[in-house]
Amino acid sequence: MPNYQDDPGWDRIADAIDAKFGITKHGKRTEPLEDNTELEQQVSFIQFEKDGEEFMMERIASPAILDRKTHYHKAAGSGVRYENVYDPEAVSFKTRLLKRDGDEWEEISPDQLAL
């Protein structure tokens with residue numbers, strides 16, 4: 001099982017946001033991968049406000065993708081299906097920025113935060 005605890009990059013991001021805006025909520029959750037429910041990813045998050053709007057930053061730690069297999073269908077117009085091959089011992093990280101829009105969270109570009 002990969003070590004999701006060692007993430008100094010996330011610690012620096014969280015500290016910078018806390019210093020600039022303050023953190024209103026934070027936490028972690030573990031959830032299965034969409035395309036391989038036998039493997040899990042860990043999602044750390046922080047929520048903060050800027051100019052009266054709510055934002056959330058997520059850091060997703062998941063098994064690293066080694067390869068992506070392409071499966072073609074012979075039937076016309078059937079499309080293509082992709083299958084990810086994971087390394088359950090290696091970790092990859094992804095960071096997402098979201099903005100609250102009513103009751104939903106919408107992913108936005110970090111440029112839109114206008115720091």
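Predicted model: local features only at pLDDT ≥ 70, side-chain atom pairs only at ≥ 80, totals over all residues.
Biologist: What share of the residues counts as buried?

Modeller: The cut-off for buried is under 20% relative accessible area. The protein has 115 residues, and the share of them that counts as buried is 30%.

Biologist: And among contacts between residues at least 6 apart in sequence, what percentage joins residues at least 24 apart?

Modeller: A contact here is a pair with heavy atoms within 4.5 Å. Take the contacts between residues at least 6 apart in sequence; the part that joins residues at least 24 apart is 50%.

Biologist: Now the next hairpin, strand 4 with strand 5. Which residue there takes a positive phi?

Modeller: Strand 4 pairs with strand 5 (residues 104-108) in the antiparallel sense over five bridges. Arg100 stands opposite Trp105 of strand 5. Two residues sit between the strands of this hairpin, and the one with a positive phi, near 70 degrees, is Gly102.

Biologist: Is Arg59 buried or exposed?

Modeller: Arg59 has its place in strand 3. Leaving aside neighbours within four places in sequence, its contacts include Asp7, Trp10, Val43 and Phe93. Its relative accessibility is 14%, so Arg59 counts as buried.

Biologist: Which residue's side chain does the Arg59 side chain join in a polar contact of 2.5 Å?

Modeller: Go back to the contacts of Arg59 outside its sequence neighbours; among them are Gln42, Ser44, Lys94 and Thr95. The side chain at the other end of that 2.5 Å polar contact belongs to Thr95.

Biologist: Over to Lys99. With which side chain does the Lys99 side chain make a polar contact?

Modeller: Lys99 is in strand 4, and it counts as partly exposed because its relative accessibility is 26%. Beyond four places in sequence, it is in contact with Glu53, Glu54, Phe55, Glu104, Trp105, Glu106 and Ile108. The polar contact, at 3.0 Å, is with the side chain of Glu53.

Biologist: What distance separates the C-alpha atoms of Lys99 and Ser109?

Modeller: Lys99 and Ser109 are ten residues apart along the chain. Their C-alpha atoms are separated by 9.8 Å.

Biologist: Last topic, the largest pocket. How many charged residues are in its lining?

Modeller: The largest pocket holds about 450 Å³ of space. It is lined by 20 residues, and the closest to its centre are Leu33, Gln41, Ile60, Ser62 and Lys94. Strands 1, 2, 3 and 4 are the elements that give two or more residues to this lining. By class, the lining has eight nonpolar and four polar residues, while the charged ones number eight.

Note on methods:
Residues numbered from 1 in each chain as written. Heavy atoms only, no water. 1 Å grid on protein atoms, 1.4 Å probe; cavity = no way out; pocket = protein on both sides within 12 Å on 5 of 7 lines; lining within 4 Å. Points joined across faces, edges and corners; volume = space filled by probe spheres on them. Helix = DSSP H or I, 4+ residues; strand = E, 2+ residues; numbered from the N terminus. Nonpolar A, V, L, I, M, F, W, Y, C, P; charged D, E, K, R; others polar. Pairing = 2+ DSSP bridges. Buried < 20%, exposed > 50% of the residue type's maximum accessible area, 1.4 Å probe, protein only. Polar contact = N/O pair within 3.5 Å; in protein donor to acceptor, adjacent residues only side chain to side chain.
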